[in-house]
Amino acid sequence: LCDAALVADGKGSSTTTTSDDALNVLQPGLWGPNEIAFFRQNSLSHTVFETDNWFASISGELFELPAGAIGFAAGVERREEAGFNKPDSITEAGESIANQVFTTDGKFDVTEAFVELDIPILNGMQWAENLSVSLQGRWFDYSNFGDDTVWKVGVDYQVTPDIRFRFGQGTAFRAPQVTDLFGGGVASFDFYTDPCQAGATGDPLSPIADPTTVANCTADLALIGLTPSTHVQFAGQTNVLAGGNPGLNPETADTMSVGMILTPSFMPNFEATIDWWQIELENLITRPTTDSIIDNCYNGTSPGNCAGFFRNAVTGQPTGLVNQLANSATAIRTDGLDWSMSYFWDALGGVFTLSHEGTYVFENTFYPGQGGADDRGSIPQFKANAGLSFERNNWTVSWRSRITGDMDDPRYTGIDNVFGYDGPEAHVEHDLRGRYQWNNYGFVVGVNNVFDEEPPYVFATGNNSDLFSYSAM
């Protein structure tokens, strides 16, 4: 085919072909139209995601209690989800300039039923303006991993017109999506550090040697006639096949929250809330890093990882790596406080509103933890907004300040680099909005980050910052 293209264009000199009469790809400027057409690819993929469901529910009041009527709701649902993505044949064969992508094809169905009750306990009494309890339950049965249930109990207690308490406790559930389960593999080139190379944790002569890693690396490399002290990692990246995992289990969680709402009668335009919350999440669906797959194979944390790759018999380089989505074996715990305050007053022919809301995280066991930031994300320990707005007739002008606390980067200490960097500093950005309301139409103009504050550095990231936490514009 290539020869035919060359003949059709009258090519064939040493400038356009190699010694074996193949096209010289290093000199595309000399290619003719037939040669170009031969190598041109029309990439066309076919994608279909479909959800079919039917739903029925009933709600109303069951019967009267001294404090009021019991509210009731119940329902059933049947849902089928399917996903299909077929890349073009050249990309799927790995013969295009793009990374190789394989077909996604899978489906599942679920049947669900729920019931909710809202039960009034006390009403119109001294120290009990209102007390009610809500009970909720849901059962579901998935075709791919079976059935389960979730529940929630809530208490709403209006002590006086000034003070209200609320409490909630329950369980939560998130099923993996079609792409999580059946996502076709995508070839990528991941960065990694071989723990079995000379000087690493698997080298018995290394000052950071780990005994378990040393033993496993020594045994593995001995199979191909190498030793950790002489083994060399040739490149910082390795070919990895990443994709979905039909063996995934659902994420589950236990949740609890306790809160208070203040609407003091001596300050009628003021309201404040504070809530403590706690979440424990199990079976988090995540994609492990290539580094962790290899490291945990040798350090004994996850011996099963060793089946996910092999070593080249000549060079000893890890190869054939498969990196599927997986359920985390470690539960994630987090708890903290949410609060909000607002106050409004009349002045200048309109209404001023002052507001503030924020979150403080006491604990978060997800890497890098509360108050930490690195190239994989940030978890601020303190984050808040403060705002002031003025509304008059159809006009509204508002100012908002977004505050993010400082964070530590676990990779740096501040004395191990010339910048003195140990994490991003506290950061504040300001936004300005103007709005005009005309009948059913609203017109808004505004500027985010009015003073053009640069996002703080988060070193060793592709963007030099965390663009999920800070504005880049």
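Predicted model: local features only at pLDDT ≥ 70, side-chain atom pairs only at ≥ 80, totals over all residues.
## A walk through the model, starting at a disulfide

Cys297 and Cys306 are joined in a disulfide, with their sulfur atoms 2.0 Å apart.

How many disulfides does the structure hold? There are two. The other one links Cys196 with Cys217, whose sulfur atoms are 1.9 Å apart. Cys196 is found in the loop between strand 7 (186-191) and helix 5 (211-222), and Cys217 is in helix 5 itself, so the bond ties together parts that are 21 residues apart in sequence. Here the angle about the S-S bond is -75°, and the link of Cys196 and Cys217 is left-handed. Both of its ends are buried: Cys196 has a relative accessible area of 0%, and Cys217 is also at 0%. If you number the bonded cysteines in sequence order, the pairing reads 1-2, 3-4.

Now let us step back and look at the whole chain. The protein has six helices and 23 strands. Its radius of gyration is 31 Å, well over the 23 Å that the globule rule gives for 473 residues, so the protein is more spread out than a compact globule. Along its principal axes, the C-alpha trace spans about 95 × 60 × 55 Å.

What share of the residues is buried? Buried residues make up 32% of the 473 residues. The protein exposes about 27,500 Å², and carbon and sulfur atoms supply 57% of that area. The chain carries 22 positive and 60 negative charges, and the mean positions of the two groups are 5 Å apart.

Another way to read a fold is to ask which parts of the chain meet. Take the contacts between residues at least 6 apart in sequence: 61% of them join residues at least 24 apart.

Start with Thr238, which is found in strand 8 (residues 237-243). Is Thr238 buried or exposed? With 8% relative accessibility, Thr238 counts as buried. Setting aside residues up to four places away in sequence, Thr238 touches Ser188, Phe189, Asp190, Tyr192, Thr290, Pro318 and Leu321.

Leu241 lies in strand 8 too. At 32% relative accessibility, Leu241 counts as partly exposed. Its contacts, again leaving out residues up to four places away, include Phe102, Gly185, Val186 and Leu321. Leu241 and Gly184 are 57 residues apart in sequence, and their C-alpha atoms are 9.6 Å apart in space.

For another pair, turn to Thr286 in strand 11 (residues 285-286). Thr286 and Ile224 are 62 residues apart in sequence, with 33 Å between their C-alpha atoms. Thr286 is partly exposed, at 27% relative accessibility. Beyond its neighbours within four places in sequence, Thr286 is in contact with Leu325, Ala326 and Ser328.

The last stop is the backbone. Most residues other than glycine have a negative phi, and most peptide bonds are trans.

Where does Trp127 sit? Trp127 is in the loop between strand 3 (104-125) and strand 4 (128-142). It is not a glycine, yet it has a positive phi of about 65°. Trp127 counts as exposed, at 56% relative accessibility. Asp452 also has a positive phi, near 55°. Asp452 is found in the segment after strand 23 (441-447), and at 52% relative accessibility it counts as exposed. Finally, the peptide bond from Tyr367 to Pro368 is cis, with omega near 5°. You can find Pro368 in the loop between strand 17 (350-364) and strand 18 (372-374).

Technical notes: Residues numbered from 1 in each chain as written. Heavy atoms only, no water. Helix = DSSP H or I, 4+ residues; strand = E, 2+ residues; numbered from the N terminus. Rg over C-alpha atoms; globule rule 2.2 N^0.38 Å. Buried < 20%, exposed > 50% of the residue type's maximum accessible area, 1.4 Å probe, protein only. Contact = heavy atoms within 4.5 Å. Areas by Shrake-Rupley, 256 points an atom, 1.4 Å probe, with all protein chains shown as cover. Lys, Arg positive; Asp, Glu negative; His and termini not counted. Charge placed at Lys NZ, Arg CZ, Asp CG, Glu CD. Disulfide = S-S within 2.5 Å.
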